[in-house]
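Please examine the structure shown below. The briefing that follows describes selected parts of it, grouped by topic.

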Amino acid sequence: MDTGGIFVTMVSIRKIHEQQSSSFSEWLASMALADDCKVLLSAIAKDHEIPVMGMEMVEILHELHMDNETLQAALVLPICLQKNWSEEVVTEHFGSSINTLISGVRRMEAIRSLHSNSHAKSNEAQIDNVRRMLLAMVEDVRAVVIKLAERVCRLRQVKKADEETRVLTAKECANIYAPLANRLGIGQLKWELEDLGFRYLHPETYMQIAGLLDERRTDREHYINDFVTNLQNELSEQQIRAQVHGRPKHIYSIWKKMQKKHLGFDQLYDIRAVRIIAERLQDCYGALGIVHSMYKHIPPEFDDYIATPKPNGYQSIHTVVVGPQGKPVEIQIRTEQMHQDSELGVAAHWKYKEGSSGSRSNYDEKINWLRKILAWQDDMSESGDIVEELRSQVFDDRVYVFTPNGDVVDLPMGSTPLDFAYYIHSNVGHRCIGAKVSSRIVPFTHQLQTGDQVEILTGKTSNPSRDWMNPSLGYVHSSRARAKIQTWFKKQARDKNLQAGKETLDKELQRVSIEPKAAIDACEKFNFASVDDLYAAVGGGDVRINQVVHFLQQRFAPPPSMDPRLKQKSSSKTTKDSIEVEGVGNLLTQLAKCCSPLPGDPVNGYITIGRGVSVHKEDCEQLAHLLEQHPERYIDVNWAAKHAGAFETSVEVLSSDRSGVLRDITTVLANEKVSLLGVNSLSNPKDDSAKIQLNLEVKDLHSLARTIKQLDKITGVHSVRRVEQ
């Protein structure tokens, strides 16, 4: 038998069968669509030649019970792609709703560009495209379902294409879209994506398993029919309201189980499979009791996913029993609703659009989808073919939070309620007097987490604080928010800026044991004619206060070589063997204290006077300022292939103020073999929280990342981040 025939028995059978001769009207009449949907699809067909692929997608989505708009969008998608119509043209022809869905499908192409360039560094434009794609996926999950249906059709189309096309298409679907369908619980599409992809990637193995299934199909069908009849009769006698059916097996799942358990085809338990669909939850457990009373079950093969659902929401009871003739039979027991959720997944919940956009159920649905889509990146990373850039720049380094109306806001990791407020609008940030996260009042320094719902409390007048611009205080994290605050203060009177800048700078200089009058020495450095101009610039946000303080510290503090402890840290063990200066050998190097680079950080060098090469992180603000003044002192540096020694860095831990949290932290540090050089803890009794700053000695950036990950797992810890010293 042809493997195509075998495959069709494993998945859904298409009505169109790619027969070009079948007219659109005949096809439409054969579809069990609602009358209003038939009218809409007919109207589209009057003005446009409908590709077979569009009809095929409608069939797939109709089986998933999708709405009229989704079916219309699927029908016209191939037309739009073929003619490369702009959003304006699509809106003109089919309306704004259809355009929104098709635009969402198009945005999902962004993930393909990252996948196809997995060995190249992704540029910022690609990363932005992926972020927009992610937000579109959360805003309207119907676009995701259309894209999955389109990929299924594409897999079907490449059956007769050349081998390279088949393999590339199959890899993309196996690595990206099958895991996505699984996370969203759409079993109908997941199985076909997996089976077709497996067929193209491993054709010989696919043929072998398909042949084994077909070879014994008749005997197996007779066996299952008798088993189903006996079990159905027993359930009816015991007044259990349930229907028993034979269950099709998917070739990919058979192969995967053979690989995972190192079993031969004859050793598999679930070649013979039965499903019980019960009317009520109690009938599921009633049916389970009858099954186990009729047949001996195999305990290791029992799973109750009703009591403990899978991460994608899947619910069912799985058990394997020894049937007649000693043959094992796998049985799944679930309600009709659980069965629909298993086959349709998140597609079954598209009707959230019909409700109020601000409803709590809408917010809950979106947060559920967001969690599933974020978890999808873990499934993709297991394939080994998705670039680390996707994880680090789209998922790990971003937080996705919600407005009270359920809209999604994309912010950098570490953002606070003030960052959120300034993202919404400048005036919202300027008038912010408080914030709620998930209906709980939080301080301005609270770090937002993915899935938080944020509400900003505003006053009648604008009243930003200059403290918000101080990076060390942690009020704002994003450069966008800081720039908006600086712009506001620039508009204030110079006298106010001068007085505020003087008070702020004097306070910071006293904190680091430098006389306030030393500020005059920074005027030339920052191109100001008088110290009053410097104060006004600090007060107005034109000059960062930490830049001025750092410059004066370098001028008035003893050089590193004068301090035995610093001298030891900058010894050859730590830096000489760790840093390579391109083109020059045996140069003295030191790690800049302003940004404290670690092995693994991108770095650049700056030639100092009398202290060799100062090594900074590539994005260090102090380095940028130095190079503005003396660009000729730039020099390329790199980490040595085998660096030695240890490096100082700081980590900030935000946690609940509970007893034992410091003990847990030191235990993690000991396990990770990280030295603790110092600790500073500050408690906030208002919200029962604690901010703990750890001064650590680590081997490299990888060691620090692993340590931060373990610290983040401690009970009560809200966030952990690396901070500049």
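Ser-438 touches Asp-452 and Gln-453, leaving aside residues up to four places away in sequence; contact means heavy atoms within 4.5 Å. This is a predicted model, in which local features need pLDDT of at least 70 and side-chain atom pairs count only at pLDDT 80 or more, while totals for chains, interfaces and linings use all residues. Residues are numbered from 1 along each chain as its sequence is written, and side-chain values use heavy atoms, with hydrogens and water left out.

**The loop at Ser-438**

- Ser-438 is located in the loop between strand 9 (432-437) and strand 10 (440-442). Helices (H or I, at least four residues) and strands (E, at least two) are DSSP runs, numbered from the N terminus.
- The C-alpha atoms of Ser-438 and Asp-452 are 6.1 Å apart in space, and the two residues are 14 residues apart in sequence.
- Why is Ser-438 classed as partly exposed? Its relative accessible area is 43%, and buried means under 20% relative accessible area, exposed over 50%, and partly exposed in between (1.4 Å probe, protein chains only).

**The chain as a whole**

- The secondary structure of the chain comes to 30 helices and 21 strands.
- Of the 725 residues of the chain, 50% count as buried.
- Among contacts between residues at least 6 apart in sequence, 68% join residues at least 24 apart.

**Nonpolar cores**

- In soluble globular proteins, nonpolar side chains tend to be buried together. A nonpolar core is here a set of buried Ala, Val, Leu, Ile, Met, Phe, Trp, Tyr and Cys residues joined through side-chain atoms within 4.5 Å.
- The largest nonpolar core has 58 residues, and Leu-61, Leu-148 and Leu-193 touch the most other members. Helix 10 (residues 141-157) gives the largest share of this core, 10 residues.
- Another core, of 26 residues, lies apart from it and includes Val-651, Ile-692, Leu-696 and Val-720.
- Among the residues that Leu-61 touches are Met-66, Val-145, Ile-146 and Ala-149, not counting residues up to four places away in sequence.

- How many cavities of 30 Å³ or more does the structure hold? There are two of them. On a 1 Å grid over the protein atoms alone, a cavity is a set of points where a 1.4 Å probe fits but cannot get out, and lining residues have an atom within 4 Å of a point.
- The largest cavity has a volume of about 170 Å³; grid points are joined across faces, edges and corners, and a volume is the space filled by probe spheres set on the points.
- Fifteen residues line the largest cavity, and Arg-466, Met-469, Asn-470, Val-538 and Ile-545 lie nearest its centre.
- The lining of the largest cavity divides into six nonpolar, six polar and three charged residues. Ala, Val, Leu, Ile, Met, Phe, Trp, Tyr, Cys and Pro count as nonpolar, Asp, Glu, Lys and Arg as charged, and the others, Gly among them, as polar.
- Helix 23 (494-511) and helix 24 (531-540) each supply at least two residues of this lining, and the largest share, three residues, comes from helix 23.
- Helix 24 is mostly covered, with seven of its 10 residues buried; among them are Leu-534, Tyr-535 and Val-538.
- The cover over the buried residues of helix 24 includes helix 22 (479-490), helix 23 and helix 25 (545-556).
- Gly-541, which follows helix 24, has a positive phi near 85°.

- Strand 6 (residues 328-335) is mostly covered, as eight of its eight residues are buried.
- In a regular strand the side chains alternate between the two faces of the sheet.
- Strand 2 (residues 273-278) pairs with strand 6 in the parallel sense over six bridges; two strands pair if DSSP finds at least two bridges between them. Ala-278 stands opposite Thr-335 in strand 6.
- Strand 5 (residues 317-322) pairs with strand 6 in the antiparallel sense over six bridges, and Val-320 stands opposite Glu-330 in strand 6.
- The hairpin of strand 5 and strand 6 has five residues between the strands, and Gln-325 takes a positive phi near 65° there.

Conventions
1 Å grid on protein atoms, 1.4 Å probe; cavity = no way out; pocket = protein on both sides within 12 Å on 5 of 7 lines; lining within 4 Å.
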